[in-house]
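Q: I would like to go through this model step by step. Could we begin with the side chains and move on from there?

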Amino acid sequence: MNINRVFAWFCAPFGFIVVLFIAGCATSKPLAVDTWRNPQFSPKRTDKIALTDQPNPTPQTKALDELLVDELQREGFQVVSSDRADYLLACVMDEAVKTQPVVHTYVNYAALAHQQSDRQIAPSYDYVQVERRQTGNFRFIAQSIRLLLYTNPKIHHGDFELAWQGNIDVNHSVSAGQEQVLLKTLLNYFGQQKNGRVVLAPAG
């Protein structure tokens, strides 16, 4: 988000113009992936995976699940029913209010009038520029796609544990095609631990 504001005042009796320019830049957080793996488990692409059934799913959740199944199959994962799966995978769209530091730059332009001689009708001006910076916080709603991989109680002796989770920033409303690219990028780190900025996977 870019913030640019210009304020101007003209004071004729005093013969000067003051312009205050406020420029602030609050950009969204860089695209990043954050994944975690439970050291007790080593999920692999060859493991059988089933999607979890979410209670009262929203239309967005249903559409995201369909995209996830398509992308899993496209990437070579084995998507099976829950009674045959090694792991259960849940996909959610998270939203959270976050703050980010932002620097505002204040620039003052002052035109000071003066006369060089008695014969001079119009005054001349000397311009002075003063710059000041101030830090603050910018509040925004951050979106992310989160994958949660759980052990299947039917396979792992009745235990239901988190084996791996992955999170990728969205930061803005995305189309189905963009969501597919985000899911593909996140699945590149399936079963791994990764924290940092990433390059989006090519579409298709």
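Q: Is Phe 160 buried, partly exposed or exposed?
A: This is a predicted model. In it, Phe 160 counts as partly exposed, because its relative accessibility is 48%.

Q: How many aromatic pairs does the structure hold?
A: There are 3 aromatic pairs in the structure. In one of them, the ring centres of Tyr 150 and Phe 160 are 4.8 Å apart and the planes are at 10°, so this pair is stacked.

Q: Which parts of the chain does that pair tie together?
A: Tyr 150 belongs to strand E7 (residues 124-151), while Phe 160 sits in the loop between E7 and strand E8 (162-169), so the pair links parts that are 10 residues apart in sequence.

Q: And what is the geometry of the pair that Trp 164 and Phe 190 form?
A: That aromatic pair is tilted, with 5.3 Å from centre to centre and 55° between the planes. Trp 164 lies in strand E8 and Phe 190 in the loop between helix H2 (176-187) and strand E9 (195-197), so parts that are 26 residues apart in sequence are tied together.

Q: Is Trp 164 buried or exposed?
A: Trp 164 counts as buried, because its relative accessibility is 0%. Phe 190 is buried as well, given its relative accessible area of 7%.

Q: Which residues does Leu 148 contact, leaving aside neighbours within four places in sequence?
A: Leu 148 is in contact with Leu 88, Leu 89, Ala 90, Leu 162, Trp 164 and Gln 165. Leu 148 is located in strand E7 and counts as buried, because its relative accessibility is 13%.

Q: How far apart are Leu 148 and Tyr 87, in sequence and in space?
A: The two are 61 residues apart in sequence, and their C-alpha atoms are 10.0 Å apart in space.

Q: Changing topic: what is the count of salt bridges?
A: The count comes to 3 salt bridges. Side chains of opposite charge can pair when their charged atoms come close.

Q: What is the N to O distance between Asp 47 and Lys 44?
A: The side chains of Asp 47 and Lys 44 meet in a salt bridge at 3.9 Å, N to O. Asp 47 is buried, because its relative accessible area is 11%. Lys 44, at 45% relative accessibility, counts as partly exposed.

Q: And where do Glu 75 and Arg 45 lie?
A: Glu 75 is in the loop between H1 and strand E5 (78-79), and Arg 45 is in the loop between strand E3 (32-37) and strand E4 (48-51), so the pair ties together parts that are 30 residues apart in sequence. Their side chains meet in a salt bridge of 3.7 Å, N to O. Glu 75 counts as partly exposed at 22% relative accessibility, and Arg 45 is partly exposed with a relative accessible area of 30%.

Q: Which residue forms a salt bridge with Glu 71?
A: Arg 74 forms that salt bridge with Glu 71, and the closest N and O atoms are 2.6 Å apart. Both residues lie in helix H1, 3 residues apart, or about one turn of the helix.

Q: Why does Glu 71 count as buried?
A: Glu 71 counts as buried because its relative accessibility is 0%. Arg 74, by contrast, is partly exposed, with a relative accessible area of 48%. Not counting residues up to four places away in sequence, Glu 71 touches Gln 180, Leu 183, Lys 184 and Leu 187.

Q: How many residues are in the largest nonpolar core?
A: The largest nonpolar core has 27 residues, and those with the most contacts inside it are Leu 68, Ile 145, Leu 147 and Leu 183. The elements that give two or more residues to this core are E4, H1, strand E6 (87-114), E7, E8 and H2.

Q: What does Leu 183 contact, leaving aside its neighbours within four places in sequence?
A: Leu 183 is in contact with Leu 64, Leu 67, Leu 68, Glu 71, Cys 91, Ile 145 and Leu 147.

Q: Finally, how many bridges join E3 to E8?
A: E3 and E8 run antiparallel and are joined by 5 bridges. In this pairing, Trp 36 stands opposite Gln 165 in E8. E3 also pairs with E9 in the antiparallel sense, over 3 bridges, and the bridge partner of Val 33 in E9 is Gly 196.

Notes:
Residues numbered from 1 in each chain as written. Predicted model: local features only at pLDDT ≥ 70, side-chain atom pairs only at ≥ 80, totals over all residues. Heavy atoms only, no water. Phe/Tyr/Trp six-rings, centres within 6.5 Å; stacked < 30°, edge-to-face > 60°. Helix = DSSP H or I, 4+ residues; strand = E, 2+ residues; numbered from the N terminus. Buried < 20%, exposed > 50% of the residue type's maximum accessible area, 1.4 Å probe, protein only. Contact = heavy atoms within 4.5 Å. Salt bridge = Lys/Arg side-chain N within 4 Å of Asp/Glu carboxyl O. Core = buried A, V, L, I, M, F, W, Y, C linked by side-chain atoms within 4.5 Å. Pairing = 2+ DSSP bridges.
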